[in-house]
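Work through the exercises below with the model open beside you. Try each task before reading its solution.

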Amino acid sequence: MSLQNFLNQALSSWMSEEGPESDIVLSSRIRLARNLKNYTFPPMLERDEASEIIEIFEGKLEHLKNEKHMETLIMANMNPLEKLMLVEKHLISPYLAENSHYGVSLLSQDEKISIMINEEDHLRIQCILSGLQLSEALEMANGIDDVIEEQVDYAFDEKRGYLTSCPTNVGTGLRASVMMHLPGLILTQRMSRIIPAINQLGLVVRGIYGEGSEALGNIFQISNQITLGKSESDIVEDLKSVVQQLITQERLAREALVKSSNIQLEDRVFRSLGILSTARIMESKEAAKCLSDVRLGIDLGYIKDISKTILNELMILTQPGFLQQYAGGVLRPQERDYRRAAFIRDRLNMETHKE
């Protein structure tokens, strides 16, 4: 398969689109957790009950599937590599991939909507959009939720709100998150002071793949921790307010770097571009660091002939699952490092030679 054909099949819309504030905010994601009334919550489901829940939702979601052009993905019928790729694209959770004997995902053609059945909860509705579009993603998710709620009885308590398997999701069942590229705050050593302040506001800062993951390539996920006692709109507005402040601080940090260390910063950017363009072996951490530098150089105008969405693409497409899919088979770690370097070189070459 040619690289262009592979990219055409592999890219989600949020990777190749440029939404609001997309120089810093890569994506916005909304996830709603819901459970059916009078059914055992996951992960204690027996096989028969899990199958019944799938049947209920598939029947109720048939019209929505047709309207949103959604495909049903049965986890038990997928191989580990296929599931890994969906996790790398943030389309399903690691939990669904790893505990998916009775799990199903409904995925829209544009991959903006993912509905997971029998994950940690009976139902998880996820919408992901490019840039800072939390309100738009919430509206999309709520629209889907309203359609479903008209047809089923959710587990709901008048005092506590929506009931979920994990107590931290009780209430609205809402997790709102944004993925941000914050090299300026890292290079100016301000991020270490900002994270504790964000945590005190009821938000949490994590790496690119959420809880327990590392902030590779200066990419962070900022999300809400509190789901009980606040409305969905309040949670989203609070997160947006903090994100807007982070955007401002990141832009000020970048301006300070240009003013105080312009030559050194430009040198860092082009050294990283040179490594990406010529290296024959590339570990994931080094790739993430160099891609972050190049993305910063694009945003600052040092690099003119490469699209800034290339970071969105390559931070996903150079993960183990995608590298092995492109290679057509399972690769050992050293082979992945070789393939990663070749993939990046080919992608950059395609970018600089496009008309």
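This is a predicted model: local features need pLDDT of at least 70, side-chain atom pairs count only at pLDDT 80 or more; totals for chains, interfaces and linings use all residues.

Residues are numbered from 1 along each chain as its sequence is written, and side-chain values use heavy atoms, with hydrogens and water left out.

**Exercise 1. The strand β8**

Find which residues of β8 point one way and which the other way. Then find the strands that bridges join to β8.

Solution. 
- Step 1. Locate β8 at residues 174–181. Strands (E, at least two residues) and helices (H or I, at least four) are DSSP runs, numbered from the N terminus.
- Step 2. Sort the side chains. L174, A176, V178 and M180 point one way, while R175, S177, M179 and H181 point the other way. In a regular strand the side chains alternate between the two faces of the sheet.
- Step 3. Check burial. Buried means under 20% relative accessible area, exposed over 50%, and partly exposed in between (1.4 Å probe, protein chains only). Eight of the eight residues of β8 are buried, so the strand is largely enclosed by the rest of the structure.
- Step 4. Find the partners. Two strands pair if DSSP finds at least two bridges between them. Strand β1 (residues 25–34) runs antiparallel to β8, with seven bridges; here S27 stands opposite M179. Strand β10 (residues 219–224) is also antiparallel to β8, with five bridges; here S223 stands opposite S177.

**Exercise 2. The nonpolar cores**

Which residues touch the most other members of the largest nonpolar core?

Solution. 
- Step 1. Define the set. A nonpolar core is a set of buried Ala, Val, Leu, Ile, Met, Phe, Trp, Tyr and Cys residues joined through side-chain atoms within 4.5 Å.
- Step 2. Among the 53 residues of the largest core, they are I30, I115, I148, M180 and I222. Helix α10 (residues 232–278) gives the most to this core, with eight residues.
- Step 3. Look for another core. One of 36 residues lies apart, and M15, L273, L314 and I316 are among its members.
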